[in-house]
Amino acid sequence: MNEKNAGGAAGKGLIAKFLALAAPYWRSEEKGMAWALLLTISALNIAMVYCNVLLNQWNADFFNALQQRDWGRFLQLLQVFAALAFGFIGCAVLMSYLTSMLNLRWRRWLTDFYLGQWLDGRAYCLLELKSYGTDNPDQRIAEDLKALTATSLNLGFELIRNLATLACFVGILWQLSGPLSLARIGWNVSLPGYLVWVSLAYALLGSGLMHALGRRLSRINMEGERREADFRYAAVRLREHAQEVALSGGEDVERSALNRRFQAICANWRLLIAAEWRLNGARAGYAQLAVIFPMLVCAPGYFAGKLALGGLMQAISAFAQVQGALSWMVNAYEILASWKANIERLSSFQLAAQQAQQELAHSRISRRPGDEIRLSAVDMSLPDGQALLQGIHLQASAGERIVIKGASGSGKSALLKALAGIWPWGSGTITLPADKVMFLPQRPYLPIGTLREAISYPAASNAFTTVQQTFVLSQCRLGHLTPQLDENCNWSARLSAGEQQRLALARALLHRPQWLLLDEATSALDVPNQRHCYALLRTELPHSTIISVSHRPEVDACHDRIWQIGDYSLGPSIDAAILSRGRGQAADGAVSIR
């Protein structure tokens with residue numbers, strides 16, 4: 001495929017991607033208001049072009065009045081100008097307001113839509129577990145959607161305005177320019193409407209030059225956004241783990257890592273500066289030449305007596321309007337390059353979210369409702385396809401207390417993720433109760449907000465009374481936090497790891513799930529506090545099934561049965577066993593996992 005065809009195919013692909021991103025809103029429940037605003041703004045743009053047409057005719061009359069020294073006509077034309085100017089300003093102000101309203105409504109709807117793409121089906125979780133060819137989804141939703149709506153509307157309305165300008169002023173310029181005889185250069189030909197052809201040639205030359213100098217801008221912009229996001233993400237991670245870094249004395253390492261990311265930004269920035277320097281230089285030359293060029297091409301008709309002063313000024317104005325409309329790509333090239341990068345990033349994010357949702361929806365691990373937890377012939381693998389666990393047959397009945405033991409990396413946490421429905425890589429059947437199931441991870445999620453919101457999560461902060469919240473805090477030995485229930489802060493940074501885990505336990509006591517799965521959820525607690533927490537679960541949730549993942553031997557005594565996952569560090573082909581035993585009794589059975 002030659003370069004021309006490749007460019008055409010890329011352009012069609014870009015338009016198809018843009019339509020795929022934009023179309024859902026224009027077919028949504030808000031389509032009535034959206035189309036009404038769009039048509040109104042388009043009509044205002046055309047009205048502004050019509051004002052320019054009237055001003056173009058006003059130019060001819062005004063300069064003819066000056067040439068004829070007609071004072072009365074001069075004053076009359078000033079009044080006409082005031083009316084046209086106020087009409088133009090009114091259209092411009094109303095258009096700006098309505099465009100901002102449409103931009104806000106479109107962005108609000110798209111943000112909700114793409115948050116759904118990210119969160120529905122738990123795609124956001126898989127995007128962190130496996131690479132799908134996209135990065136920084138938070139930036140895609142926060143920054144790229146903002147840029148997409150604003151830039152698309154501005155470019156779209158500018159295109160409408162320029163097309164209307166071209167349609168109106170080409171006829172005017174054609175009439176004013178008349179034919180051009182080429183007999184002086186040996187050609188016995190008369191070129192009608194020569195100013196139209198000159199303006200077209202001038203704009204095509206400028207557009208071609210802009211494309212040649214700026215064709216790399218889109219790729220540079222896209223790479224720059226990625227590097228900026230990486231730098232920002234690293235800084236956010238440093239803030240979130242400030243205490244851990246400080247305790248490790250890792251400031252120099254973090255500074256070095258941040259500097260490396262920023263140097264990558266600077267390297268890309270230098271490429272952007274070089275590209276913009278060439279582009280801006282060419283654009284400045286093009287713009288300056290456009291000031292004098294219409295006069296040069298219209299002057300022969302004036303000096304030949306074919307144009308009066310008013311006709312000359314009208315022709316110059318019409319030429320500038322046509323040339324400006326045809327030069328839209330020249331003036332908007334950088335914006336178009338940035339717009340293209342926005343579309344590419346959002347398309348890659350949308351595709352990645354859809355792939356993650358499909359992978360979860362079409363997992364070969366089937367899930368069925370039941371009155372117990374049962375795993376039948378479950379095989380599990382890593383996201384890259386490497387085998388993790390094979391031939392799992394497990395059962396947990398209501399009210400049981402079970403601890404999962406095994407070497408680090410043997411698949412214990414992955415097993416809980418499969419139960420939660422966020423680990424699609426594998427096969428087999430998982431039966432899970434329809435009753436309330438709750439998971440407590442090793443590092444609980446504490447939303448930024450009040451402590452009342454953190455302890456009630458994922459329910460609303462008013463789902464439980466202050467008495468209930470205060471009671472469970474005291475039960476979990478967090479009574480000192482009671483006066484801070486309505487204090488708003490980042491609790492993940494303020495509380496110690498042990499306090500966070502006890503707060504998560506208090507959350508479980510409030511929600512009272514029938515099935516509670518803990519993944520190293522007491523790993524940060526000392527033995528007395530750990531024993532106290534498991535005793536609370538037994539007394540406060542006596543009928544709930546508790547399944548824990550833990551490396552600590554003290555946890556064994558808090559459970560009735562042990563599922564032992566063998567050491568898979570030697571590879572998935574090594575036989576392993578799950579041993580099931582009653583508390584204080586010898587193992588009474590083994591199930592082979594291959």
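Accessible areas here come from the Shrake-Rupley method with a 1.4 Å probe. On this basis, the chain of this predicted model exposes about 30100 Å², and carbon and sulfur atoms supply 60% of that area. Of its 594 residues, 44% count as buried.

Turning to the overall fold, the secondary structure of the chain comes to 18 helices and 15 strands.

Aromatic side chains deserve a paragraph of their own. The count comes to 18 aromatic pairs. Elsewhere, a single aromatic cluster brings together Y25, W26, W35, W106, W109, F113, Y114 and F349. A ring also takes part in a contact with a charge: R494 lies over the face of W491, at 5.2 Å from the ring centre.

On the surface, a nonpolar patch is made up of L289, I292, M295 and L296, which together have about 350 Å² of accessible area. One of its members, M295, is found in helix α9, which covers residues 251-303. With a relative accessible area of 40%, M295 is partly exposed, because this value falls between the 20% limit for buried residues and the 50% limit for exposed ones.

Note on methods
Residues numbered from 1 in each chain as written. Predicted model: local features only at pLDDT ≥ 70, side-chain atom pairs only at ≥ 80, totals over all residues. Heavy atoms only, no water. Phe/Tyr/Trp six-rings, centres within 6.5 Å; stacked < 30°, edge-to-face > 60°. Lys NZ or Arg CZ within 6 Å of the ring centre and 35° of its normal. Helix = DSSP H or I, 4+ residues; strand = E, 2+ residues; numbered from the N terminus. Buried < 20%, exposed > 50% of the residue type's maximum accessible area, 1.4 Å probe, protein only. Patch = residues over 30% accessible without salt bridge, like charges linked within 9 Å, V, L, I, M, F, W, Y side chains within 5 Å. Salt bridge = Lys/Arg side-chain N within 4 Å of Asp/Glu carboxyl O.
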